Amino acid sequence: MSQTLKPSTAAQKLGILLAAAPEDFRTTPITRAQLDALRADPPAWLIDLRRNGPFPREVIAQKLGVSHSGLVRGGVTEPLDADQVGGLLADPPAWLVHEREVHRQVVAEAARLKAQRNATDGR
């Protein structure tokens, strides 16, 4: 018997917004084999969702180069599509410029601490 995933878990693993997926995907548990097949040979609907959105918060944050919290602080609480994300990237508002810098600093500090731990551990 193959392990099944809830549609919400499968959507998260595929990087898509569950509400934008076809109804049969939203209402049917997905096996690991089916998930692997969707990754290996995505159907047209999945290709379109990954390209054009609407995107879940995780994907929006990654595309904008900010944290999830940064999105909330910037007032982005709803899914965005590719045109909306592109508009923010083309003409970034002040909040986005600030949050990108904060995110960059947090990532740099995490890398510094990791390097320091590795040096201390003799790695």
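I started with helix 1 (residues 7–14) and helix 3 (residues 32–40), which pack at an angle of about 30 degrees with their axes 11 Å apart. That angle makes helix 1 roughly parallel to helix 3 (angles under 35 degrees count as roughly parallel). My axes are lines fitted to C-alpha atoms over the stretch in contact, with angles from 0 to 180 degrees between N-to-C directions. Helices here are DSSP runs of H or I, at least four residues, numbered from the N terminus.

This is a predicted model, so I note that local features need pLDDT of at least 70, side-chain atom pairs count only at pLDDT 80 or more, and totals for chains, interfaces and linings use all residues. Residues are numbered from 1 along each chain as its sequence is written, and side-chain values use heavy atoms, leaving out hydrogens and water.

Which residues meet between helix 1 and helix 3? I found Ala-10, Lys-13 and Leu-14 in helix 1 against Arg-32, Leu-35, Leu-38 and Arg-39 in helix 3 (contact means heavy atoms within 4.5 Å). They divide into four nonpolar, no polar and three charged; Ala and Leu count as nonpolar, Lys and Arg as charged.

Next I looked up Pro-54, in the loop between helix 4 (44–52) and helix 5 (57–64). A cis peptide bond joins Gly-53 to Pro-54, with omega about 10 degrees. Most peptide bonds are trans.

Last, I checked Phe-55: Lys-63 lies over its face, 4.8 Å from the ring centre (the rule wants NZ of Lys within 6 Å of the ring centre and within 35 degrees of the ring normal).

Note on methods:
Helices (H or I, at least four residues) and strands (E, at least two) are DSSP runs, numbered from the N terminus. Angles under 35 degrees count as roughly parallel, over 145 as roughly antiparallel, 65 to 115 as roughly perpendicular and the rest as oblique.
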